[in-house]
Amino acid sequence: METESSAINEAYKHLKAVPNPDGSLTRSEIFPSVPPTLQLQANSPSETQLALSKDIHLHNSNITFLRLFRPANHAAKLPVIIDFHGSGFVVCSAASAPFHEMWTYGSAFVPALIISVEYRLAPEHRLPAAYDDAMEAVMWVRDQAREVNGRDPWMEELADYSNVYIMGASAGGNIAYHANLSALDADISPVQIKGIILNQPFFGGVQRTQSEERLSTNPSLPLNVSDLMWQLALPLGSDRDHEYSNPLIKCNPKIKQLTRCLIRGFEGDPLVDRIKGLVKMLEASGVHVVAKIQDGGFHGADVFDESKMKELFSQIKDFIYA
């Protein structure tokens, strides 16, 4: 029991979070939050001004918003990427510095109009809250396409609603997967989802995989941290074989309707076996999958390694503009 308690305490330290008696968390910032960049700034380095960004309220009572990125100098219509950040459903924000900096680069490099979604975090808002926020973001894009209550000027100028992608990294990849399944049942016309991009998607299960056992103490995503994040995110009373966590337990028949997918992973990521299993399941259901499983690396490598980040956006560009 002491060993289990110690593992949980270490997992909370990893997340820089302290549990409260009411079930909420007191979080310390893993990464600083940064404001959007609404206009070019004089005397700022050019690499920080590749794209402009602004925040748009999504749901006031849920305190959710969209951080919209556009290339600083672009006039033609662009594909739209709706993105969900990582960090285990539990910490971080669309405004966290690494995610903001990645999309400042990525929006210009791809190029694309990026909608980075601020969704509600667990355990205060357990799943499916993040999935509901994801669908609200998708419907916001639909309403923009339909000009419901007008259009945002950047969307009016640049958005190609016939060329939309839903993307996420880690937990955000899990959200993107479920958002795509939900979108199949919704009237989102004239929006057309042309692809799904799952970057090291975060899935779990009760039965350990070989990669989880082999890499159980790796510093990027230790197994005790992964277990705690699922414990905090899943509906109360659920285990890691819940459909939100483990899509391989029972194949959802709707996946046959999914559009083409880009799925990325690293052999140094404890999740890699689950990612490979997802690829096989989708392919067996007739989904066209572009799988990029690379040697080395680690979970979240493209957040911390600039060369991996550039590789990510190069693969996204190839996928979108193929």
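This is a predicted model: local features need pLDDT of at least 70, side-chain atom pairs count only at pLDDT 80 or more; totals for chains, interfaces and linings use all residues.
Trainee: Let's start with helix α3. How far apart are its end C-alpha atoms, and why does that agree with its 18 residues?

Mentor: Helix α3 covers residues 129-146. At 1.5 Å a residue, its 18 residues should span 26 Å. That agrees with the model, because the end C-alpha atoms are 25 Å apart.

Trainee: Over to strand β6. Why is β6 called largely enclosed by the rest of the structure?

Mentor: β6 takes in residues 113-118. L113, I115 and V117 point one way, while I114, S116 and E118 point the other way, and all are buried. So β6 is largely enclosed because its buried residues are six of the six.

Trainee: Which residue of β6 is the bridge partner of F69, and which one stands opposite I81?

Mentor: β6 pairs with strand β4 (residues 64-71) in the antiparallel sense over five bridges. Five bridges also join β5 to β6, and those two run parallel. F69 has its bridge partner in β6, and I81 stands opposite a β6 residue too. For F69 the name is I114, and for I81 it's I114.

Trainee: What is the handedness of the crossover from β5 to β6, left or right?

Mentor: Follow the chain from β5 through α2 and on to β6. That path makes a β-α-β crossover, and it is right-handed.

Trainee: Now the aromatics. Is the pair F89 and F202 stacked, edge-to-face or tilted?

Mentor: The structure holds 12 aromatic pairs. In this one, the ring centres are 6.1 Å apart and the planes sit at 40°. Stacked needs under 30 degrees and edge-to-face needs over 60. At 40° the pair is therefore tilted.

Trainee: How many residues apart in sequence are the parts that F89 and F202 tie together?

Mentor: Both F89 and F202 are buried. F89 lies in the loop between β5 and α2, and F202 in the loop between β8 and α6. So the pair ties together parts whose separation in sequence is 113 residues.

Trainee: Last one: is N218 buried or exposed?

Mentor: N218 is found in the loop between α6 and α7. Its side chain reaches the backbone oxygen of L215 at 2.6 Å and that of L221 at 3.0 Å. The cut-off for this label is under 20% relative accessible area. N218 has 10% relative accessibility, so it counts as buried.

Note on methods
Residues are numbered from 1 along each chain as its sequence is written. Side-chain values use heavy atoms; hydrogens and water are left out. Helices (H or I, at least four residues) and strands (E, at least two) are DSSP runs, numbered from the N terminus. The expected span of a helix is 1.5 Å times one less than its number of residues. Rings of Phe, Tyr and Trp (its six-membered ring) pair if their centres lie within 6.5 Å; planes under 30 degrees apart count as stacked, over 60 as edge-to-face and the rest as tilted. Buried means under 20% relative accessible area, exposed over 50%, partly exposed in between (1.4 Å probe, protein chains only). A polar contact is a pair of N or O atoms within 3.5 Å; within protein, one must be able to donate a hydrogen and the other to accept it, and residues adjacent in sequence count only if both atoms are side-chain atoms. Two strands pair if DSSP finds at least two bridges between them. A crossover is right-handed if, with the strands pointing away from the viewer, the path from the first strand over the helix to the second runs clockwise.
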